[in-house]
Amino acid sequence: MRSETVSVSQANGALLYAAKADEQFPLPAIPYQKIDPRFYRQMVSDPTGEAPGTLVVDVGNHYLYFTYPNGQAMRYGVGLGRAGFAWAGRGKIQYKRQWPRWTPPDEMVARQPELAKFSSDNGGMPPGITNPLGARALYIFQGKEDTLYRIHGSPEWWTIGKSVSSGCVRMINQDVADLYGRVPDGTAVVVTNLSNPGVEIADNVREQEIYEPVRGYDDIYGDEPRRPANADREVYRRRRIYRDPDVYDDPVYDDPYYVPGY
């Protein structure tokens, strides 16, 4: 593996993670001094071996790369929740959203009734600084199937470089805003472990449950009242390793039959 080390000073951190007043919801400055500089956004030698224009999530080292020509890549530090270890392989960014809404799954609302005000029936949590999806979200599909795997911003900057209890791939809001501007819809995504080639899932998923989500509603655009799915319509099922109850879903795109652009 080629060296990926590039020195980034804390002076650069001050510039990268300054407040952004031009956002829909102005972003506060990040206390970059409290983050290991290796997790700062920086151009590095590309260790991935992937073609330019590819996103690579390295779950073994808590990095995300966007590859460029001439052996270079933009590298970001990320935080990983259990859902962030539960899917690995190749996919694509089907679509992306600025300041997305967050909807806790029904299972989570059942355990935490105080979240009922953010349920799908109530339209989810509005976008904003405290929204768990942060300033941007990128949605990963395989073919027409939603993997339920997200790359998203987070107000919890202190989770960068760490494994936490919930979520998929968390980024500093300033970083996910930068990534959003670089990555077009349709970008190839690889989720792997560069520190242990051939081992794609870095967490102990043997103890994680199997979850088979079933489509529960017909409303795919969010402009009609939510109603039970048509019993005559075939129910789409998919099997995957572990869906954390805190996975963040945009309610408008919950229907697995709907693929934006189709």
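What does the accessible surface of the chain come to, and what percentage belongs to carbon and sulfur atoms? In this predicted model, local features need pLDDT of at least 70 and side-chain atom pairs count only at pLDDT 80 or more, whereas totals for chains, interfaces and linings use all residues. Residues are numbered from 1 along each chain as its sequence is written, and side-chain values use heavy atoms, with hydrogens and water left out.

The accessible surface (Shrake-Rupley method, 1.4 Å probe; for residues, only the protein chains shown count as cover) is about 12100 Å², and carbon and sulfur atoms contribute 50% of it. Of the 262 residues, 52% are buried, that is, under 20% relative accessible area with a 1.4 Å probe, protein chains only.

Four helices and twelve strands make up the secondary structure; these are DSSP runs numbered from the N terminus, helices being H or I of at least four residues and strands E of at least two. Strand 6 (residues 89–98) pairs in the antiparallel sense with strand 10 (residues 188–192) over four bridges, where pairing requires at least two DSSP bridges. Within this pair, Gly89 is bridged to Val191. Strand 6 is also antiparallel to strand 7 (residues 136–142), over six bridges, with Phe141 as the bridge partner of Lys92.

Contacts (heavy atoms within 4.5 Å) of Leu64 include Leu55, Met74, Ile151 and Leu179.

Notes. Buried means under 20% relative accessible area, exposed over 50%, partly exposed in between (1.4 Å probe, protein chains only). Lists of a residue's contacts leave out its neighbours within four places in sequence.
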